[in-house]
Amino acid sequence: MAKKRSRSSIVKQLDSMFSKFIRQRDSDNELCTCSTCGVKKPIKEMQAGHFMSRSKYSTRWDEENVHAQCQGCNMWQQGRQYEMSIYIDQNYYVGKAEELLRKSNRTTKFSDAELLEMIKHYKELLK
Ligand SMILES: [Zn+2]
């Protein structure tokens, strides 16, 4: 029997695939645009910024909750959450940011199998 993978290694791999997917989605010709200040930088220098924090599992891998961000906005300005909410409402529809806030407060438990399925999904998309 194959050795069971630890939960933390699965989460770590999914976070990394998901981040790659978000940055690729939010880029054009390898140039990624920051959702909160508009700066354009190569994909490798950008990060995937969460509107509702990563500690909230129900929105941790929600594609509408995560957008490309430069390091300045994501790390040094606490993710500029207010600007991110404006970006989200403009990008989807008015009220979307509030919806994500409510969703983030719900409890969602993903099984290891579900997380592995998501890893497979993003791997496929990144090909
Ligand atoms: Zn920025």
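The four donor atoms around the zinc ion subtend angles of 105 to 116°, so their arrangement is tetrahedral. Keep in mind as you look around that this is a predicted model.

Who holds the metal? The zinc ion is coordinated through the SG atoms of Cys 34, Cys 37, Cys 70 and Cys 73, at 2.3 to 2.4 Å. If you trace these donor residues along the sequence, you will find the spacing C-x2-C-x32-C-x2-C. Two of the donors, Cys 70 and Cys 73, are buried.

Now let's turn to the pockets. The largest pocket holds about 190 Å³ of space. Strand S4 (47–50) and helix H3 (71–76) each supply at least two residues of its lining, and S4 gives the most, with three residues. Among the lining residues are Ala 48, Gly 49, His 50, Asn 74 and Met 75. Sorted by class, the lining of the largest pocket has seven polar residues, three nonpolar ones and one charged one.

The second largest pocket has a volume of about 160 Å³. Here helix H1 (7–25) and S4 each supply at least two residues of the lining, with the largest share, four residues, coming from H1. Asp 15, Ser 16, Phe 18 and Ser 19 are among the residues that line the second largest pocket, as are Arg 60, Trp 61 and Val 66. By class, this lining has four nonpolar, three polar and three charged residues.

Note on methods: Residues are numbered from 1 along each chain as its sequence is written. This is a predicted model: local features need pLDDT of at least 70, side-chain atom pairs count only at pLDDT 80 or more; totals for chains, interfaces and linings use all residues. Side-chain values use heavy atoms; hydrogens and water are left out. Donors are N, O and S atoms within 2.8 Å of the metal (3.2 Å for Na, K and Ca); water is not among the atoms, so sites may look incomplete. Four donors count as tetrahedral if all angles lie between 85 and 135 degrees; four count as square planar and six as octahedral if opposite donors are over 155 degrees apart and all others between 65 and 115; anything else is irregular. Buried means under 20% relative accessible area, exposed over 50%, partly exposed in between (1.4 Å probe, protein chains only). On a 1 Å grid over the protein atoms alone, a cavity is a set of points where a 1.4 Å probe fits but cannot get out, and a pocket is an open set with protein on both sides within 12 Å along at least five of seven lines; lining residues have an atom within 4 Å of a point. Grid points are joined across faces, edges and corners, and a volume is the space filled by probe spheres set on the points. Ala, Val, Leu, Ile, Met, Phe, Trp, Tyr, Cys and Pro count as nonpolar, Asp, Glu, Lys and Arg as charged, and the others, Gly among them, as polar.
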